[in-house]
Amino acid sequence: MQKVFNNCYDLDRRCYEKFGLTEDILMEHAAEGMARHIRDTCGDKEQLLIAAGPGNNGADGITLARLLHGDFDVSLYLPYGAKSAMAKIQLERFLQLGAEPVQSPPLQADIVVDTLFGTGFAKPLDTKGIDLVDSFNGMEAYKIACDVPTGIDPNGNPNPIAFHADTTITMGALKKALFSDHAKPYVGRIEVVDLGISRTHYEHHTDAFLLTQEDFTPPLRTNAASHKGTFGHLCVIAGKKRGAAVLCGSAALRFGAGLVTLISDRNIDNLPFSLMQSGDLPDTTSAIAMGMGMGYDYDPILIKTSIVEDDIPILMDADMCYVPWIRTLLEKCSKTVVTPHPKEFSVLLKTLEIDNVTVSEIQRDRFGWAKRFSEAYPKTVLLLKGANTLIAHEGIIYINPLGTPVLSQAGSGDILSGLIASLMAQGYTPLNAAINGSLAHALSARRYKGANFSATAEDLIEEIRWLVN
Ligand SMILES: NC(=O)C1=CN([C@@H]2O[C@H](COP(=O)(O)OP(=O)(O)OC[C@H]3O[C@@H](n4cnc5c(N)ncnc54)[C@H](OP(=O)(O)O)[C@@H]3O)[C@@H](O)[C@H]2O)[C@@H](O)CC1
Ligand SMILES: Nc1ncnc2c1ncn2[C@@H]1O[C@H](COP(=O)(O)OP(=O)(O)O)[C@@H](O)[C@H]1O
């Protein structure tokens, strides 16, 4: 898990005050980090275009130009001049090499480094900025963004145009803006550069964490004297669209639940042999999944009562966001996970009378809305689906950036529900179940070997069998 921050201004200030470092030292390390990356990944003497803005993001770029001048064919372009104090100092140093910024950017380069605007990007790009970013995006070059790609605002929302980086080298620590859904197509690979002290010292407390593959702890069986009951009994409520419950149950079995039963008031034909069915909740139920394909008018009154009385761990997805009685379950049960996609989340916020917001308002501030929900319902774990999935609990947000477009197909959400509910049935805490279920979901998509448009829900369930860490 890595820490993620709104921005690094406070952390920089702490460096000056607590560790006696200067802005100059931090900037030298920022540029040295980019130079190291370029020396390690690109050949000598390649044509390097550095577009530097007027502030300290631009100052990083001017510093980089000084570091690489002589080893690379460097064109430093300053479309807005150098305005911040550090940008002026760095430009003076660059000029001392006998070098000059170029008056216009070359039409082609091997490497383009975007140091136009970083965390200080505060107003819409002007025509000059739009044309420049557009021309950089059109170049066949290796593209590096310094700190944050130009055009991505502090909430991670792109201007009508933003720099498309292959790699974003970000300074000091990770920023939330890099992990919005809207920013995902622009940031490319993300690397963090230390600024004169290790991240352990640079980083302070935060409310957001990035999940990595190393955080994955699958339910490996270590008890040789186990039996099926050792690994829990998941019940999936099957409503109108029974296929959704079948996918959920199949994924849950594949991820280690000892028993999985579909609960339905009617007989379900052609169930896979490994899934059981029942009209009532068995006494051995250790977790429940409901909402996927359920329908909005389903009211399992008896089941609801048992869930509340026995405080059974429960995962709620999809149609559960539309039913008013979700509120009772969220308020009365102590182990709940809710897994909406943005449209369902907008409905859920309304159903729970938290707020009335559109999907696009949610997508523009996913961190803010996830945090608001988790503060209103501190017992519940929220998993907000998306290109970068957010998991929120007690105001802390965990980001899973590992999902891919392989997952963009019907049934993928049902599988996610099955994975999380399976772990809840096996005794994981709701938070650990959400984190590990979400990682398993993304990792199975990454393992899939076919073309990225071709995976079916069944293919993804097959991949789960290989998920050992
Ligand atoms: N502090 C340190 O020690 C370290 C700092 N570091 C680096 O500093 C970066 C932050 O620097 P920063 O705060 O100067 O902000 P930055 O991103 O350069 O933008 C501000 C400038 O852009 C301008 N401007 C903004 N939007 C605009 C637009 N649309 N169109 C036109 N102009 C626009 C704005 O103009 P103004 O609004 O003032 O008129 C101002 O001139 C950070 O991302 C990292 O790279 C690292 O080296 C680590 C150490
Ligand atoms: N481009 C993508 N990148 C990462 N994850 C994705 C992408 N597209 C879809 N997903 C994931 O796939 C799942 C889709 O869930 P959902 O929309 O509920 O599907 P369904 O209801 O059809 O099963 C979510 O977990 C979402 O995060």
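The model is predicted, so local features need pLDDT of at least 70 and side-chain atom pairs count only at pLDDT 80 or more, whereas totals for chains, interfaces and linings use all residues. Residues are numbered from 1 along each chain as its sequence is written, with chains lettered from A and ligands numbered from 1 in the order in which they are written.

T150 is located in the loop between β5 (142–146) and β6 (167–171); strands are DSSP runs of E with at least two residues, and helices runs of H or I with at least four, numbered from the N terminus. Not counting residues up to four places away in sequence, T150 touches D114, L116, F117, F121, V133, A162 and F163, contact requiring C-beta atoms within 7 Å. D114, in strand β4 (residues 111–115), is buried too, with 31 other C-beta atoms within 10 Å.

In an unreviewed UniProt entry, the annotation "binding site" covers N57, D114 and T150; such annotations may be inferred rather than shown by experiment. These residues span 94 residues in sequence, but no two of their C-alpha atoms are more than 9.8 Å apart, so they gather at one spot.

Ligand 1 is surrounded by 30 residues, the closest being G55, N56, N57, G118 and G120 (C-beta atom within 6 Å of the ligand). Helices α2 (23–41) and α3 (56–68) each give two or more residues to this shell.

Definitions and conventions:
Buried ≥ 20, exposed ≤ 12 C-beta atoms within 10 Å, placed from the backbone. Contact = placed C-beta atoms within 7 Å.
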